[in-house]
Amino acid sequence: MTFLRKTSTTAAIVAAAASVALMLTGCVAGEGAASEPASTSSGDGDAVVTKGGTLNIDFATYNPLSLVIKDQGWLEDALADQDITVNWVQSAGSNKANEALRAGAIDVGSTAGSAALLARSNGSPIQVIDIFSQPEWSAIVVGKDSTITDVSELKGKQVAATKGTDPYFFLLQALEEAGLSASDVTVQNLQHADGWAALQNGSVDAWAGLDPIMAGAEEEGAQLIYRNVDFNSYGFLNATESFLKEKPDVAQTVVNAYEHARAWAIANPEKTADILASVASLDPAVATKVISERTNLDVDNVPGDAQIAVLKTIGPVFVENGDVQTQAQVDDAIDTIVNDVYAKAADPDAIG
């Protein structure tokens with residue numbers, strides 16, 4: 001991947017931001033950001049320019065690009081002239097990112113695509129504005145001494161999973177493929193790190209794991225008994241509708257930073273792994289495995305048909321398992337979750 005493939009002109013960025021502001025004026029705002037900056041425009045049709053306030057944005061070990069951006073300070077530099085403070089909030093999982101987005105504690109948050117769809121299906125006013133990766137970040141994991149070798153053997157067993165996240169939906173799909181359902185196992189709803197701890201102490205028989213924790217578990221002898229990249233949804237960068245309506249210029253800067261980080265990470269995989277190792281307290285070899293073997297960063301950043309196809313497969317599982325009341329809610333969420341304006345206008349060269 002090169003910068004040339006994704007780069008647009010500065011004029012295109014300004015026009016796109018103006019277009020976003022106009023399009024979203026009629027949207028119903030959801031939970032807003034914590035800050036209330038002043039926004040100005042220099043004339044009819046000109047883009048909104050936000051002055052002051054705070055950008056609340058998450059970082060997560062399952063989103064390497066967020067770690068790179070935070071480490072390099074690119075957002076702070078890009079927003080300095082607008083007197084915007086960048087407040088980084090760590091997300092321990094997609095469910096936590098969704099909780100923060102819904103509460104207005106963050107403006108932009110990173111989740112698995114499945115988790116974003118679940119949140120929007122249940123009324124959270126978020127949209128995906130960029131795709132940060134196509135990962136294979138989940139699998140079904142058992143302990144190093146376990147005799148379980150197949151998903152079908154989980155019937156009647158205790159399985160740890162973080163509900164509302166990709167590993168949980170990975171588990172549901174894996175069970176269905178093996179001829180089982182969620183009612184055939186007892187799901188212990190534990191945050192990702194706690195799920196690994198429960199597997200280690202014998203509280204559960206299996207764990208729906210998430211990288212980079214899962215890669216560390218594998219290094220310690222844990223066994224990945226079922227992998228299927230097609231059951232992993234994409235990495236979604238989401239924003240609240242109110243943030244997009246009120247501060248489209250800041251949203252564009254965020255996406256620009258993500259695309260700058262993507263090119264940097266692809267060109268610097270060892271440095272990217274080092275950053276991940278430092279933030280997640282991982283052995284460098286484990287971090288390298290996550291970046292080089294289970295994270296595809298060289299993916300089209302524009303959300304669209306590829307992601308929708310995955311979501312249409314996962315959506316009915318929500319309804320079947322009672323996570324969403326009706327298929328109509330899922331269908332409406334699929335129809336409205338994508339906002340591709342910012343990704344299409346992304347300018348990596350505007351950063352740095």
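**Backbone exceptions, a sheet and its helices**

Ser-281 is exposed, with a relative accessibility of 67%. I begin there, and I note at the outset that what we are viewing is a predicted model. Ser-281 sits in the loop between α12 (269-280) and α13 (284-293). Its phi is near 55°, which is a positive value in a residue other than glycine.

Asp-83 also has a positive phi without being glycine; here the value is near 60°. This residue belongs to the loop that lies between α4 (74-79) and β4 (85-90). Is Asp-83 buried or exposed? Its relative accessible area is 58%, and exposed means over 50%, so Asp-83 counts as exposed.

Why mention these angles at all? Most residues other than glycine have a negative phi, and most peptide bonds are trans. The peptide bond from Asp-211 to Pro-212 is cis, and its omega is near 5°. Pro-212 is found in the loop between β10 and α9 (213-219).

Strand β10 takes us to the sheet. In what order do the five strands of this open sheet run? The order is β9-β8-β10-β7-β11, and the pairing is mixed. At the edges are β9 (186-189) and β11 (223-226), each of which pairs on one side only. On average, neighbouring strands of the sheet are turned by 35° against each other, with direction ignored.

Within the sheet, β7 (residues 138-142) pairs with β10 (residues 206-210) over four bridges, in the antiparallel sense.

Helix α7 (residues 166-177) lies across β7, β8 (158-161), β9, β10 and β11. Relative to β7, helix α7 runs at about 75°.

I close with helix α11, which comprises residues 248-267. How far does α11 reach from its first C-alpha to its last? The 20 residues of α11 reach 29 Å, close to the 28 Å expected at 1.5 Å a residue. Of those 20 residues, 18 are buried, and α11 is therefore largely enclosed by the rest of the structure.

Key. Residues numbered from 1 in each chain as written. Predicted model: local features only at pLDDT ≥ 70, side-chain atom pairs only at ≥ 80, totals over all residues. Heavy atoms only, no water. Pairing = 2+ DSSP bridges. Helix = DSSP H or I, 4+ residues; strand = E, 2+ residues; numbered from the N terminus. Axes fitted to C-alpha atoms, helices over the stretch in contact; angles between N-to-C directions. Contact = heavy atoms within 4.5 Å. Expected span 1.5 Å × (residues − 1). Buried < 20%, exposed > 50% of the residue type's maximum accessible area, 1.4 Å probe, protein only.
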